[in-house]
Amino acid sequence: MAEVQIGNRKVGDGHPVFIIAEIGINHNGSLDIAKKLVEGAAALGCDAVKFQKRTPDLCVPQDQRSIERDTPWGLMTYIDYRYKVELGYEEYCAIDRCCRENGIMWFASCWDEDAVDFMEQFDPPCYKAASASLTDSALLEKVRATGRPLILSTGMSTMEEITDAVNRCGSENLLLAHTNSTYPSPVEELNLKMITTLKAMYPEIPAGYSGHETGLSTTWAAVALGAVFVERHVTLDRAMWGSDQAASIELIGLGRLVSNIRDIEKALGDGVKKVYEGEALARKKLRRV
């Protein structure tokens with residue numbers, strides 16, 4: 001059976017769906033916003049929150065660094081903006097305390113090798129590799145060298161690229177996330193049946209879903225199709241400034257997502273036909289023969 005231990009939770013078939021609230025960079029560099037999102041996700045029953053960690057000097061291409069853009073902090077170059085929204089050591093120490101106080105796990109998707117070294121200071125329960133990093137052999141090797149579980153996102157990738165990444169990473173302590181990397185994702189391009197394809201191709205690897213669509217129903221459908229973990233971007237307000245806000249859900253939607261996933265888990269049952277107590281009464285009353 002496909003199963004990976006993340007912190008104090010087993011993630012895989014036969015276990016409750018592991019629900020991740022991706023804060024990402026929706027905090028816009030504000031520790032206060034980050035903590036509010038952590039507290040909200042914990043109160044609503046999520047299992048973990050996820051951030052994104054970059055070293056802008058390593059991640060921002062040279063031809064994009066000097067491009068100016070309007071931001072809430074005024075006109076600034078793209079490289080300056082990337083530094084503006086990055087949280088540093090002191091902020092992540094505060095986030096670590098906040099998560100511990102609220103009883104929720106936290107981790108990050110690292111976009112470069114230095115970011116992995118940075119995150120190692122906080123003893124994360126796992127790592128996430130973004131879809132953009134699926135072909136980044138050096139980064140994947142760095143993450144795998146930590147020995148921690150890795151959630152590998154498969155958006156914007158061909159089957160050949162996914163197969164190559166799995167071969168390079170190995171199946172131990174690996175989880176695969178089906179996703180579409182358009183923000184927000186068109187419903188007709190979600191291709192949720194890829195979840196069942198991944199489960200059939202890699203029965204030893206837990207498969208889940210990272211959603212960037214608007215609305216909740218398609219994420220619930222992913223759970224019904226067998227996703228053993230789900231991830232959705234979360235925000236305080238979808239109208240906030242930022243590239244990921246429109247593909248995020250607000251806390252009230254996150255609450256609905258979690259509670260209905262738990263209902264779906266109960267409703268799926270075990271696939272073994274039985275006559276329930278409530279049915280027995282109807283059976284006695286209504287059957288003629």
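Trainee: Which elements are included in what covers the buried residues of H10?
Mentor: This is a predicted model, in which local features need pLDDT of at least 70, side-chain atom pairs count only at pLDDT 80 or more, and totals for chains, interfaces and linings use all residues. In H10 (residues 217-224), Thr218, Thr219, Trp220, Ala222 and Val223 are buried, where buried means under 20% relative accessible area, exposed over 50% and partly exposed in between, with a 1.4 Å probe and protein chains only. Helices (H or I, at least four residues) and strands (E, at least two) are DSSP runs numbered from the N terminus, and those covering these residues include helix H9 (194-201), E11, E12 and helix H11 (251-268).

Trainee: What relative accessibility does Gln245 have?
Mentor: Gln245 sits in the loop between strand E12 (229-235) and strand E13 (249-250). Leaving aside neighbours within four places in sequence, Gln245 is in contact with Asn26, Asn28, Thr235, Asp237, Arg238 and Met240. Gln245 counts as buried because its relative accessibility is 1%.

Trainee: What is the relative accessible area of Ala34?
Mentor: Ala34 belongs to helix H1 (residues 31-43). Residues up to four places away in sequence aside, Ala34 touches Ile23, His27, Phe51, Leu87 and Ile95. Ala34 is buried, with a relative accessible area of 0%.

Trainee: At what angle do H6 and H7 pack?
Mentor: Two packed helices are described by the angle between their axes and the distance between the axes. Here the axes are lines fitted to C-alpha atoms over the stretch in contact, and angles run from 0 to 180 degrees between N-to-C directions. For helix H6 (residues 113-120) and helix H7 (residues 137-144), the axes lie 9 Å apart and the angle is about 15°.

Trainee: How is H6 oriented relative to H7, roughly parallel or roughly antiparallel?
Mentor: Angles under 35 degrees count as roughly parallel, over 145 as roughly antiparallel, 65 to 115 as roughly perpendicular and the rest as oblique. The contact is made by Glu113, Val116 and Asp117 of H6 and by Ala138, Leu139, Lys142 and Val143 of H7. The angle of about 15° therefore makes the orientation of H6 relative to H7 roughly parallel.

Trainee: What omega does the cis peptide bond from Tyr183 to Pro184 have?
Mentor: Pro184 lies in the loop between strand E10 (174-178) and H9. The peptide bond from Tyr183 to Pro184 is cis, with omega near -10°.

How values were computed: Residues are numbered from 1 along each chain as its sequence is written. Side-chain values use heavy atoms; hydrogens and water are left out. Contact means heavy atoms within 4.5 Å.
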